[in-house]
Amino acid sequence: MAETDIKKGLAGVVVDTTAVSKVNPETNSLLYRGYPVQELAASCSFEQVALLLWNGELPSDDELAEFTAFERAHRALSPELKQVIDALPDTCHPMDVCRTAASVLGAQDPTAEHSSKEANLAKAKSLLAAMPAVVAYDQRRRRGQELVEPREDLGYSANFLWMTFGEEAAQPVVDAFNVSMILYAEHSFNASTFTARVITSTLSDLHSAVVGAIGALKGPLHGGANEAVMHTFDEIGIRQEETAEEAEARAKAWMDDALAQKKKVMGFGHRVYKNGDSRVPTMKAALDAMIEHYDRPEVLGLYNGLEKSMGEAKNIKPNLDYPAGPAYHLMGFDTPTFTPLFVASRISGWTAHIMEQLEANALIRPLSEYNGPDERHLS
Ligand code: CMC
């Protein structure tokens, strides 16, 4: 019998078409609905990009104003959801809180079982508006701080930072955060998006698909990498008194040692991009802006040291999570909150894919080759 050609990890397998985004590893480019992501990051708000992903076109001024009003009106944490979050131990991972919150929001949604495009778009918008309060409050409660109510006079990114830290962020911080939200928003058939599409293909509901996607994103080989990057920085040790050169030398030594031990270093490598992640230069510029804003050259030293050593030893390039981790750290987020920030952004891409899946649905049900014992009998 001819051996089955098994594509472990579905590597290289094209499972469907999508008009949401295009990843081109040859040219290191990523297009959202045709637009290069770096152009969107340079001139759009995250709110505009979410509408682009959902609707296929950038919003008109009226469409943007309508969504902005909706998003600002749906930000507050309901007392019931706050109660559920408060009941969760602060020893659980913040991704568990996100996952639970998405599930609660689904259970609270009277239209949860409605699957028309209009109903799903409304659910997507509500989820996108609601998740920042979950992420922000969870970080605050772990620090023993009170809930900060949203502010309707602030845009998505400025309000996210406000709800997390209880003070207005400086404009460069808001801008860098907005860039990170845009870069994290969408990336074709990655593991979490594919999970969302698999769940949707059974005609399950949008919230269930998002809950599953959050579970897939949690892993360190996927979204959890931005948190894992910070653990690396912490293991090397961030020493504010150090110069960039001193930090770089220590980071290089750490990386050489890690690679000699054949360790996988999170924040490097990518299944699709082999010559560099298209999103990294834009996020690195945002990280540079944070390093300058907070005057933290030693962070740049650590960043450069790890990148150079990995490049020289294995020619493996950083992925988006590599600059995003230290950027979020400088903004003041606690390390376990990093992947929930990815969730808040990727809700836009996941839900765009959920709606696309439903437009031409086919149950996703691959085959496997059995390699267990031959048929046998009890007697
Ligand atoms: N550190 C050290 N070695 C690596 C790394 C790394 N980060 N990534 C790949 N390699 C090596 C790997 O050890 C293997 O070497 P060898 O052939 O000698 O055994 C070779 O490169 C191929 O690696 P692979 O894991 O088989 O390749 P893949 O295409 O399955 O991996 C990946 C893609 C992202 C899972 C992998 O690069 C990895 O584990 N990176 C670290 C986790 C990470 O940063 N994930 C975030 C991905 S991007 C953002 C997102 O989607 O969330």
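In this predicted model, 18 residues surround the ligand. The closest of them are A225, F268, G269, R271 and N319. Taken by class, the shell around the ligand is made up of seven nonpolar, seven polar and four charged residues.

The domain assignment divides the chain into domain 1, which covers 16–221 together with 335–359, and domain 2, which covers 225–331. Between the C-alpha centres of domain 1 and domain 2 there is a distance of 25 Å. Where the two domains meet, 23 residues of domain 1 are in contact with 27 residues of domain 2. On the side of domain 1 that touches domain 2, the elements giving two or more residues are β2, α1 (37–43), α8 (171–184) and α16. Helix α8 provides the largest share of that side, with seven residues. The class make-up of this side of domain 1 is 17 nonpolar and six polar residues, with no charged residues.

Helix α16 also has a helical partner. The axes of α6 (residues 117–142) and α16 (residues 338–359) come within 9 Å of each other and cross at roughly 175°. An angle over 145 degrees counts as roughly antiparallel, so α6 is roughly antiparallel to α16. From α6, the residues that take part in the contact are K117, N120, L121, A124, L127, L128, M131, P132 and V135. They meet P340, L341, V343, A344, I347, S348, T351, I354 and M355 of α16. Sorted by class, the contact of α6 with α16 holds 14 nonpolar, three polar and one charged residues.

Three strands form an open sheet in the order β1-β2-β3, with antiparallel pairing. The edge positions are taken by β1 (21–24) and β3 (35–36), each of which pairs on one side only. Strand β1 is joined to β2 (residues 29–32) by four bridges, and these two strands run antiparallel. For a pair to look up by eye, S21 has Y32 in β2 as its bridge partner.

Note on methods: Residues numbered from 1 in each chain as written. Predicted model: local features only at pLDDT ≥ 70, side-chain atom pairs only at ≥ 80, totals over all residues. Near = placed C-beta within 6 Å. Nonpolar A, V, L, I, M, F, W, Y, C, P; charged D, E, K, R; others polar. Axes fitted to C-alpha atoms, helices over the stretch in contact; angles between N-to-C directions. Parallel < 35°, antiparallel > 145°, perpendicular 65-115°, else oblique. Contact = placed C-beta atoms within 7 Å. Pairing = 2+ DSSP bridges. Domains from an automatic or database assignment.
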